[in-house]
Structures are given as C-alpha cells and as structure tokens.
Amino acid sequence: MKRVHEMPFGASVLADGGVRFRLWAPAARSVELCRANLAGEDSKTAMSQLEDGWFQLELAQAQAKSGTRYRYRIDGGLNVPDPASRANPEDVHGYSQVVDGAAFEWQDGGWSGRPWHTAVIYELHLGCFTREGTCTAAIERLDYLVELGVSAIELMPVADFPGRRNWGYDGVLPFAPDSSYGMPDELKALIQAAHLRGLMVLLDVVYNHFGPDGNYLHAYAPQFFSERHHTPWGVAINFDGDGSRVVRDFFIHNALYWLDEYHFDGLRLDAVHAIVDDTRPDILKELAAVVQAGPGRTRQVHLVLENDANAARYLQQGAITAQWNDDIHHALHILLTDERDGYYADYADQPVRHLARCLAEGFAFQGEPSPFRAGQLRGEPSTHLTPGAFINFSQTHDQVGNRAYGERIAMLAAPAPLQVALAVLLLAPSPPMLFMGEEFAAATPFQFFCDFQGDLANAVTEGRRREFAGFREFADPAARARIPDPNDALTFERCKLDWDSLESPQHQAWFQHYRYLLMLRRDHVVPRLPGMGAGAEFELLGAAGLCVRWRLGDASRLTLLANLGDASSEGIPPFCGTDVYLSQPDLPEILASGHIPAWSAAWFIEEATL
C-alpha cells in the first residue's frame, strides 16, 4: 500500500519520476533551485515566478529525482533549505533531499486506529528511549510496551532541529524528521511495527513558534510572522494577518502530512495557549475540522491539546479529542512531595479538593482566579465534558525536565504513597499517560538538553540557570552554576534509559505494579467506558480523604475511596460493589468501621440494577 500527501509546498515526485519544486517567497525578487552535483558544487536553475509570491520549477527525472539534494538561492545570494523539506540529512543549514513519499510499502492496510477509551499513552523521546536513540532501535522495545499494557505511543517532536540532540521544541523544518533518529522510511517502519502490535502512535507537533537557529523564513517570507502578536519565544506565527492564508495552509498541510503519509494516529499540539489568532474559526478549529473531514472520515484520528488556559470550548464538539490535564498533576505532586514553589502555589491551599475535582469534573481551575498568575481568571467550566477529554499523569517530559536536575517522581516521593497515587490515576476513567521509564522507576533523570553553538549556546545555558534564581534552593549563584549545562553532551547522555536496571528487584517490582494496575484497567474499567457521560460526583473526607463516583457507559457505578494523607480519615460514606483494587487486603473491613487509613485507596464497581 502506498501513502503520500499531496501539498503545494516543497518538492513533490511526479508520476513520471520527475520533481516539482515550489516555494512561497513573497519578499524575494528571484529564486534559483540549486542541486548538489558529484563535485560538491551547485547546479543552478531559475524558478518561474508565479502569482501571490510563489516560485515553481518542474524538472524531468534525468535532472532531479528521489534522493536529489537541493536548496534554494534567494535573490542571488542567500542559500536556504526547503521549509517544507521531507528530509534534511545535513542538518537545518544544509541541503534538503527529495523524498518520494509513495516509495514506502505499507503492510498495515487493515489498521484503522483504536477507539479513544482504550488509550493508555506512553510518552517517549526517541533519542533517550534507547541507547542508540533511533527509530529502528525503538522497534525492539514495542513488545515490552504491549506487555506493560500500553496502547498508544506519543513521540516528542521529531521535526528537524539544529544540532545532534534536542527535546524537539526548537524545530525549524516541520516536515523533515530529524536525521539523528533515522531517515523518513525508518520512522514509517516504526509506526508500521507499532500498528502491527495494536499500538497507536501519536506525534507531538509545534505550531506556536519556530526554533531560534536555522529558520530562514524571515528573509524571504516575513508574512509567516505576526507584527501584532508575541509569544514567550518571540514573534508569533501569523495566523490572522496579511498573507496568513498560506501560513495557515502550511501548518494544516503539516498535520495532514503526518496523518496521511506517515499514518500517525493523532497529534498532540504543543502549548496552544501561545497561538494567537483573532480570526473565526481560529486555526485550531479549522485544523480540527479539516482533519475530521479528511483522514478522520475513514479511521480513528485523535487530536490532543496542551493548553494552559484550560479552554474547555475546544473539547466540547468532538473534533479535538482531549487535553493534557496539568491541574491533576500539580495537585497530586503537592500531596506526594509537599513542594509549593512556582505554579504549585495555586494548588497548595486545597490539593485534595483540586485532585477530586479533576477526577470528577476535568479541570481544577474552571474560571477561578490564579494567584500564580496575579489573580488572572483561568479556565472554563468543564463539568459537561466526559472523562475521556482529560489525559491524567503523574509526570511528563515537562514536569520532569523543567526541574533543575530532571528528577523523576520516584526520586522525590516515598514508595508507598506513590503506589497509592498511581492506583488513583491509572484506574480512573480518564486516559492515563506514562512518561518513558516511570514504569520501572528509572534512576536516570530527564534534563533539558540541546546542541546550540556560540552565543546562542551561552545564552541558553545562562537563561536556563536564571530561571531558577527565584527558588530558595538556587538563590546562591554557586548553586545555580551546578545546574547541568543543556549544551553539554553528557547532559543528554545521562538521560538515556538504562534498560539493564529492569533486572534489579527494585525496578522490576515497580514494573509489575504498573503492569498489574493497567491489567485491572483493561479488564474491569475499559470495557465499561463506551457511552459514558459526564456528571461524576465527589466529596471530601476529612483532611486528605476523598470519594468519587462515576456512572459508566454500561450504567454500572465506579467508586473510588482514597486517603492521600498521613493520618486516618473519618466519615466514610456508604459504598457497595465488587472490589477491583485494594491497597491493602483488609481495607473493606477497615472502611466498614467508618474510617480510611493513611495513604490507601480502594476501587469498587457496582453493577447496574434492572
């Protein structure tokens, strides 16, 4: 089976084997196509200037074909890669390479995705997931993920970034998988191998900014950037000004390209709160509608947001599937670690209530003032949304990697409380997400890393350390100087998972705990989720206890009783049903006496009555 996404950007291999090159360069007077020849020199051909800033050239197969290396020369001087390059094996400043998207022979023709209620997501960074850091090496770990109980992989961004290592959020060539992970066909082989094992594959994409090194668009297509809007990374992408139609199409085609040509099962859209768009429909709603009308017509395709604004309106019409729920992480993190700096301060007053509200209603902040944001109202009501709209987690790349030393939650929390917290998260109706290695309490950190050069490298290193100046632990400049240098190759190397550690009893015990909880979820919770509505109820029990009740899709009732504190809680409400999980064997008898022990959890399912 062949899959290729046709688009008006970049190099497209034609039916006769030739290649059509297209570049939108409205600020350029002339554009030449420069093909690298065997002597290492450029063979230049002028491109035809079309209307509305487009330049185009078609070459026969004898002059250009799949594998041809090329770049564009702007106004006789500046050499630039193709912004829609399908491959840039010489990194972001080098030649692009023609790729025939239809050359890969897909063997997963029977794959149409998985329904969202079955999702158990595993976020991973391709460079750190294996020692080799490649797509091919990742295939060898897929059977392990199936054994664990995962049903979806979420790849951190793969778009070509400068240097040899990066989290992925500094990408500048959004159609080209970074060559450090392998060539395009190797990424396709990874996705195909996942599908053949019943695993969905989601891709993290960045549509809110371009990285600081290797982006040449400002030189020949300044219309890509807004003169009115700004983001934490600089000028915003122009989604609502002059020339924005082409810019919107560029990113919409990027989404379709990954979904069609690579057969990804969905996308995670990074930090959409930093996308500023005053048009209606805005770019998120337009992109979602196009995806739903395209690949979403014939298979299960899922769009996931990261949105600090807690804008529930994007989740209520079904075109966008779910959102990462940072609220539940922050509340749980306080309960496990008692850390209250930074944004954790918003949850420090009533962490148990915030946690219970997340479990029952989605967001903790649904329009309330945020002290961390100087009293700004945050969020929208979410009680009308089903649990499937919220992805729950105890850690992510952000929540681990944005710490100064990249410590994982198992390095910060006591084992017994963490086991109870995991039972709360992994058995709740909302889809859970794991961050690579957490399932065996990996001892390797996940720290911020990149590979910039010169002044930019120095600025990033110093900026990273300044971020922590407001924390008591790093008030002393000498303490900040010990924060790992993001540009040091050793920072990246120490983040690679140590798979040999799974042989140790301690790490194997954590793996079995996760595996057991996910087995319970698969067998007892997931089959009852289809058709589930909104409207769960919660109540607080003493200082740290909670009770949450959901009506599942088969009309049965799921009940959670938990105590996330160091003291016993009184006033246990009446409960009934079959126990699904007990943090200690004698918990039903203790609950029947009217209290719940410190750091304990129990799940019950009561069948529907006729």
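Hi everyone, let me start with the second largest pocket, whose lining holds 10 nonpolar, 9 polar and 1 charged residues. For the classes, Ala, Val, Leu, Ile, Met, Phe, Trp, Tyr, Cys and Pro count as nonpolar, Asp, Glu, Lys and Arg as charged, and the others, Gly among them, as polar. Please keep in mind that this is a predicted model, where local features need pLDDT of at least 70 and side-chain atom pairs pLDDT 80 or more, while totals for chains, interfaces and linings use all residues. Residues are numbered from 1 along each chain as its sequence is written, and side-chain values use heavy atoms, without hydrogens and water.

How many residues line that pocket? There are 20, and His302, Gly318, Ala319, Ile320 and Thr321 lie nearest its centre. Two elements give two or more residues to this lining, helix 7 (283–293) and strand 18 (302–305). Helix 7 has the largest share, with 3 residues. The volume of the second largest pocket is about 390 Å³.

A word on terms. On a 1 Å grid over the protein atoms alone, a cavity is a set of points where a 1.4 Å probe fits but cannot get out; a pocket is an open set with protein on both sides within 12 Å along at least five of seven lines; lining residues have an atom within 4 Å of a point. Points are joined across faces, edges and corners, and a volume is the space filled by probe spheres set on them. Helices (H or I, at least four residues) and strands (E, at least two) are DSSP runs numbered from the N terminus.

The model has 7 cavities of 30 Å³ or more. The largest cavity has a volume of about 150 Å³. Its lining has 17 residues, with Ala159, Gly171, Pro174, Val205 and Val206 nearest the centre. Strand 14 (200–205) and helix 6 (244–260) each bring at least two residues to the lining of the largest cavity, which by class has 12 nonpolar, 4 polar and 1 charged residues.

Ala159 turns up again in strand pairing (at least two DSSP bridges between two strands): Ala159 stands opposite Pro177 in strand 13. Strand 12 (residues 159–160) and strand 13 are antiparallel, over 2 bridges. In strand 13 (residues 173–177), 5 of the 5 residues are buried, so the strand is largely enclosed by the rest of the structure; buried means under 20% relative accessible area with a 1.4 Å probe, protein chains only.

The second largest cavity holds about 70 Å³ of space. Among its lining residues are Phe9, Arg22, Trp24, Asp82 and Phe250. Strand 2 gives the most to this lining, with 3 residues. By class, the lining of the second largest cavity has 9 nonpolar, 1 polar and 2 charged residues.

Strand 2 and strand 6 (residues 54–59) are joined by 6 bridges, and Arg20 is opposite Glu58.

Finally, what does the charged end of Arg22 sit over? It is the ring of Trp54, 4.3 Å from the ring's centre. The rule asks for NZ of Lys or CZ of Arg within 6 Å of the ring centre and within 35 degrees of the ring normal. Arg3 also lies over a ring face, that of Trp106, at 4.8 Å from the ring centre.

Technical notes
Buried means under 20% relative accessible area, exposed over 50%, partly exposed in between (1.4 Å probe, protein chains only).
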